[in-house]
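Here is a short report for a first look at this structure.

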Amino acid sequence: MAALPTAELSDANATHVASGDVRVLHPVFKVYGQATAFSGPIVTVKVFEDNVLVRELVETKGEGRVLVVDGGGSLRRALMGGNLVQIAYNMGWAGIVVNGCVRDVDDINACNIGVRALASHPLRSNKKRTGEKNVPVYVGGTFIREGEWLYADNDGILVSKFELSN
C-alpha cells in the first residue's frame, strides 16, 4: 500500500486533527529500513524489555498492517533486530513503530520495510513472554488502539480513527 504524505494528510484533514480523530505522534522516532513511508491498519502489543509476543505477532500474516510495539520507552534493551524485521517483511507487514529500541541496524536498513524506533541498543530483549497483545497503548504522546490507521513518512507519524485520503 502506497503511503500518503503525512503533511498533505494533516492539511487535508485539519478538522479531524482539531477534533482528535487524527493525532500526530511526538517527533522522537528515528527512521530505519528502506521504506521511508508506510501506512496501514494498526495491530498493538504492549511489552517491557521482552519480545516474545512481538515475535509471535510478526510471524503471523501482516496483510499490509502496521505493528505498534509499546515497549514503555525503555532504552535499556532492543525489542527487535534484523531477524524479526526480516520476518515481518516476509510476512507482509507494512511497517513497525517501536516505543523502545531496535538493534542490528545495518540489517534493518537493508530490509524493504519501514521501522521507527526511539534508538538502537546492542542488548537483546528478555524472553519471558510477558505483555499483552491487541490492547490500547500510549505511544508518542497519544493513545493508539487496535484497528486505527497509522501513516508514517520522513515528516512524522499520524494515527487516525479511520482510513484517510487527501
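Asp104 has a relative accessibility of 34%, so it counts as partly exposed. The model is a predicted one. Asp104 sits in the loop between β6 and α5 (105–109). An unreviewed UniProt entry lists Asp104 under "binding site". Beyond its neighbours within four places in sequence, Asp104 is in contact with Gly81 and Gly82.

The largest nonpolar core has 24 residues. Leu67, Val69, Met80 and Ile96 have the most contacts inside it. Several elements give two or more residues to this core, among them β3 (38–46), β4 (66–70), β6 (95–102) and β7 (114–120). The helix α3 gives the most, with four residues.

Take Ile96 as an example. Leaving out residues up to four places away in sequence, Ile96 touches Leu67, Val69 and Met80, and its other partners include Phe38, Val85 and Val115.

How many aromatic pairs does the structure hold? There are two.

| Pair | Centre to centre | Angle between planes | Type |
|---|---|---|---|
| Tyr138 and Phe143 | 4.9 Å | 65 degrees | edge-to-face |
| Trp149 and Tyr151 | 6.3 Å | 20 degrees | stacked |

Are Trp149 and Tyr151 buried or exposed? Both are buried. Tyr138 is partly exposed, with a relative accessible area of 45%. Phe143 is also partly exposed, at 45% relative accessibility.

Terms used. Residues are numbered from 1 along each chain as its sequence is written. This is a predicted model: local features need pLDDT of at least 70, side-chain atom pairs count only at pLDDT 80 or more; totals for chains, interfaces and linings use all residues. Side-chain values use heavy atoms; hydrogens and water are left out. A nonpolar core is a set of buried Ala, Val, Leu, Ile, Met, Phe, Trp, Tyr and Cys residues joined through side-chain atoms within 4.5 Å. Buried means under 20% relative accessible area, exposed over 50%, partly exposed in between (1.4 Å probe, protein chains only). Contact means heavy atoms within 4.5 Å. UniProt positions are given in the numbering used here, feature names are shortened, and annotations may be inferred rather than shown by experiment. Rings of Phe, Tyr and Trp (its six-membered ring) pair if their centres lie within 6.5 Å; planes under 30 degrees apart count as stacked, over 60 as edge-to-face and the rest as tilted.
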